[in-house]
Amino acid sequence: MSLSGKQRRHLRALGHHLDPLVQVGKNGLTDGIVSAVDAALETHELVKVRVGTECPDDRHDIAEKLPPLVRAELGQLLGRTMLLYRRHPKEPKISLPKA
């Protein structure tokens with residue numbers, strides 16, 4: 001599923017007030033980070049992930065690799081913070097505007 005510009009804007013508006021739930025630290029993108037983001041998406045649908053300054057990986061590389069690993073869409077990459085969205089399969093909380 002690819003998000004349209006209108007849907008991305010809607011998600012950015014919803015995610016503006018959110019705090020990052022997961023932080024990528026000095027070990028980079030590990031299996032633990034992937035499972036933590038996956039669990040957060042299962043609960044919240046819309047999650048902010050922060051890439052720490054001590055992370056050895058480039059933030060753009062992480063923004064490219066992480067969404068497919070957790071079956072999510074990248075809503076935004078702003079600075080070191082990315083916004084990820086994955087629709088809940090049974091009980092979606094967020095309704096996206098039509099594409």
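Strand S2 (46–51) and strand S4 (81–85) are among the elements that cover the buried residues of helix H1. The model is predicted. Its four strands form an open sheet in the order S1-S2-S4-S3, with mixed pairing.

**Helix H1 and its buried side**
- H1 spans residues 5–15, and Gln-7, Leu-11 and Gly-15 are buried in it.
- These residues share one side of H1, because they cover an arc of only 65 degrees around the axis.

**Strand S2 and its partners**
- S2 is largely enclosed by the rest of the structure, because five of its six residues are buried.
- Strand S1 (residues 22–24) runs parallel to S2, joined by three bridges.
- Val-22 lies opposite Val-49 of S2.
- From S1 the chain passes through helix H2 (residues 31–44) to S2, a right-handed β-α-β crossover.
- S4 runs antiparallel to S2, joined by five bridges.
- Leu-46 has Tyr-85 in S4 as its bridge partner.

**The sheet as a whole**
- The strand order is S1-S2-S4-S3.
- S1 and strand S3 (73–78) are the edge strands, each pairing on one side only.
- From one strand to the next, the twist averages 25 degrees.

**Helices on the sheet**
- H1 packs on the sheet and touches S2, S3 and S4.
- The direction of H1 makes about 60 degrees with that of S3.
- Helix H3 (residues 59–69) also packs on the sheet, where it touches S1, S2, S3 and S4.
- The direction of H3 makes about 10 degrees with that of S4.

Terms used: Residues numbered from 1 in each chain as written. Predicted model: local features only at pLDDT ≥ 70, side-chain atom pairs only at ≥ 80, totals over all residues. Heavy atoms only, no water. Buried < 20%, exposed > 50% of the residue type's maximum accessible area, 1.4 Å probe, protein only. Helix = DSSP H or I, 4+ residues; strand = E, 2+ residues; numbered from the N terminus. Arc of directions from axis to C-beta. Contact = heavy atoms within 4.5 Å. Pairing = 2+ DSSP bridges. Right-handed = clockwise from strand over helix to strand, strands pointing away. Axes fitted to C-alpha atoms, helices over the stretch in contact; angles between N-to-C directions.
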